[in-house]
Amino acid sequence: MLNRILLVAVVVPIAIILIALAVANRAPAAFTLDPFNPGNPALTVQLPLFFLLFAALALGMIIGSVATWFRQGRYRKLARQRAREAELLREAAPRPERDSPSLPKPTL
């Protein structure tokens, strides 16, 4: 139920906005990789503007995700160290015998 509400409240309006953006910006735009000679046809591509916008958005999301992943590396390393320590402590802890009860019987 929560997934359906999230879909209707967030994803559908974003999809409508993106479709409207794509329809409104379908004229070709020149994308060049040579800032000193923009007329160089070898490094210039004609693409619809919405494609360039979506590619920039996707590239920004990828760069942001990679930066976040690298930034959180120390926390993942700490989690791995603590998991190793916990495993060593589990192995070193004495194991209770199966026949003996772990807690004494209550007295009244």
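**View 1. A nonpolar surface patch of about 940 Å² in the predicted model.** The patch is made by Leu6, Leu7, Val8, Val10, Val11, Val12, Ile14, Ile16, Leu18, Leu21, Leu49 and Leu53. Two or more of its residues come from each of the elements α1 (2–24) and α2, and α1 gives the most, with 10 residues. Patch members have over 30% relative accessible area and no salt bridge; nonpolar side chains (Val, Leu, Ile, Met, Phe, Trp, Tyr) are joined within 5 Å. Accessible areas follow the Shrake-Rupley method with a 1.4 Å probe, and for residues only the protein chains shown count as cover. Residues are numbered from 1 along each chain as its sequence is written, and side-chain values use heavy atoms, without hydrogens and water. This is a predicted model, in which local features need pLDDT of at least 70 and side-chain atom pairs count only at pLDDT 80 or more, while totals for chains, interfaces and linings use all residues.

**View 2. Helix α1 and its bend at Val8.** Helices are DSSP runs (H or I, at least four residues), numbered from the N terminus. With 23 residues, α1 reaches 33 Å from its first C-alpha to its last, close to the 33 Å expected at 1.5 Å a residue; the expected span is 1.5 Å times one less than the number of residues. The helix bends by about 35° at Val8, the bend being the angle between axes fitted to the seven residues ending there and the seven starting there. Val8 is exposed, at 52% relative accessibility (buried means under 20%, exposed over 50%, partly exposed in between; 1.4 Å probe, protein chains only).

**View 3. The aromatic pair Phe50 and Phe54.** The structure holds 2 aromatic pairs. In this one, the rings are edge-to-face, 5.9 Å centre to centre with 70° between the planes. Rings of Phe, Tyr and Trp (its six-membered ring) pair if their centres lie within 6.5 Å; planes under 30 degrees apart count as stacked, over 60 as edge-to-face and the rest as tilted. Phe50 and Phe54 are 4 residues apart in helix α2 (residues 49–71), and therefore about one helical turn separates them. Phe50 is partly exposed at 24%, as is Phe54 at 27% relative accessibility.

**View 4. The aromatic pair Trp69 and Phe70.** Ring centres 5.1 Å apart and planes at 70° make this pair edge-to-face. Phe70 is exposed, at 59% relative accessibility.

**View 5. A salt bridge between Glu87 and Arg90.** The whole structure contains 1 salt bridge, defined as a side-chain nitrogen of Lys or Arg within 4 Å of a carboxyl oxygen of Asp or Glu. The N to O distance between Glu87 and Arg90 is 3.0 Å. Both residues lie in helix α3 (residues 73–92), 3 residues apart, about one turn of the helix. Glu87 is partly exposed at 37% relative accessibility, whereas Arg90 is exposed at 53%.

How values were computed
Patch = residues over 30% accessible without salt bridge, like charges linked within 9 Å, V, L, I, M, F, W, Y side chains within 5 Å.
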